[in-house]
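The entries below are in the order in which I made them.

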Amino acid sequence: MNTVRSRWSEQVRQLLCSHFGATTWKMVYFLTTTAMCLVAFRNEQWWPHQLGGEGSEEQLWQGYPMQQNSVYCHLYFYLAFGHHLASLVCILKSPWLPDFFDQLLPCVAALCLIYFSYMSNFLRVGVVILFCHDICDIFTYGCKAFVDTPYHKVTIGLFMLLTTCWFYFRLYTFPAAALFPIFKAIKTRPHYSETEGGSYFIFILLTLCLMNIYWFVLMVKMFVHFIVSGQMRDLHSRVSDVDDPAHPRTRQTSTKPAKAD
């Protein structure tokens with residue numbers, strides 16, 4: 001306990017405890033939704049082969065726009081929208097951290113993506129997109145939960161799994177099983193792009209793809225930082241930066257004039 005207190009200030013220690021609880025909850029949430037998704041959709045005719053299914057691209061659009069989808073598709077969307085909406089509220093109400101905008105942007109993008117996908121009845125391809133991101137977030141929040149703990153081997157193992165999953169699901173499967181099929185469908189069936197929110201949906205997808213590349217580069221930087229320094233650090237959340245004199249909140253606190261006795 002003394003080691004922890006000497007390493008971080010009381011403010012940072014409380015933030016880290018809160019951060020650990022939040023990230024652990026999110027890890028459990030994404031683990032649960034990913035498992036439910038696999039059980040519910042793995043035998044669907046439209047489930048892509050990149051995710052272990054036997055579906056084809058045409059099955060994603062069969063019967064569109066009047067597709068009859070499983071009730072589990074709707075339930076998955078409701079859960080995802082509720083989770084991201086709750087996350088947005090927590091981000092806005094939580095103490096300001098260096099990763100505030102890094103958390104805010106993907107959360108808002110996810111909410112918009114879920115909304116426009118649901119309103120345009122892109123449920124099947126929307127489920128594929130959500131799954132590709134949810135499965136990676138199991139290890140994302142696992143790493144965030146353990147990175148500031150003494151369990152370095154657990155953190156390294158989770159980070160290796162995260163990097164592998166991120167590359168396969170977000171940088172390969174997401175474009176191959178969702179993004180490119182959407183572009184092909186719009187090219188061969190122009191009326192798809194005329195649906196309400198269709199253009200916004202595509203714009204947000206491209207933004208999400210760019211963010212995935214940015215985060216992968218950030219993970220590579222974390223790995224290089226670990227190799228060079230031998231120290232593990234979450235370059236995304238950077239909760240410990242609150243103790244840094246260069247941090248805006250720290251500067252504001254330190255530059256306040258002392259009250260006269």
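**Entry 1, the chain.** I note at the start that this is a predicted model. I looked up the secondary structure and found nine helices and zero strands. Read from the N terminus, the order is α-α-α-α-α-α-α-α-α. The chain has 261 residues, and 47% of them are buried. I then took the contacts with a separation of 6 or more, and 74% of these join residues 24 or more positions apart. For the accessible surface I have about 14,600 Å², with 66% of it belonging to carbon and sulfur atoms.

**Entry 2, α5 and α6.** I noted the angle and the axis distance for each pair, as two packed helices are described by these values. Helix α5 covers residues 100–119 and helix α6 covers residues 123–146. They pack at an angle of about 155°, and their axes are 8 Å apart. Angles over 145 degrees count as roughly antiparallel, so α5 and α6 are roughly antiparallel to each other. Their crossing is left-handed. I listed the residues that meet: L113, I114, S117 and Y118 on the α5 side, and L123, G126, I129 and L130 on the α6 side. By class, this contact has six nonpolar, two polar and no charged residues.

I went on to helix α7, residues 152–188. It packs with α6 at an angle of about 165°, with the axes 9 Å apart. That angle makes α6 roughly antiparallel to α7. The crossing of α6 and α7 is left-handed. In the contact of α6 with α7 I have 22 nonpolar, five polar and two charged residues.

Which residues is V125 in contact with, leaving aside its neighbours within four places in sequence? I found L60, W61, A178, I182 and F201. For one of these, L60, I also looked up the C-alpha separation from V125, which is 6.4 Å. L60 and V125 are 65 residues apart along the chain.

Definitions and conventions
Residues are numbered from 1 along each chain as its sequence is written. This is a predicted model: local features need pLDDT of at least 70, side-chain atom pairs count only at pLDDT 80 or more; totals for chains, interfaces and linings use all residues. Side-chain values use heavy atoms; hydrogens and water are left out. Helices (H or I, at least four residues) and strands (E, at least two) are DSSP runs, numbered from the N terminus. Buried means under 20% relative accessible area, exposed over 50%, partly exposed in between (1.4 Å probe, protein chains only). Contact means heavy atoms within 4.5 Å. Accessible areas come from the Shrake-Rupley method with a 1.4 Å probe; for residues, only the protein chains shown count as cover. Axes are lines fitted to C-alpha atoms, for helices over the stretch in contact, and angles run from 0 to 180 degrees between N-to-C directions. Angles under 35 degrees count as roughly parallel, over 145 as roughly antiparallel, 65 to 115 as roughly perpendicular and the rest as oblique. A crossing is left-handed if the near helix is turned anticlockwise from the far one by less than a right angle, and right-handed if clockwise. Ala, Val, Leu, Ile, Met, Phe, Trp, Tyr, Cys and Pro count as nonpolar, Asp, Glu, Lys and Arg as charged, and the others, Gly among them, as polar.
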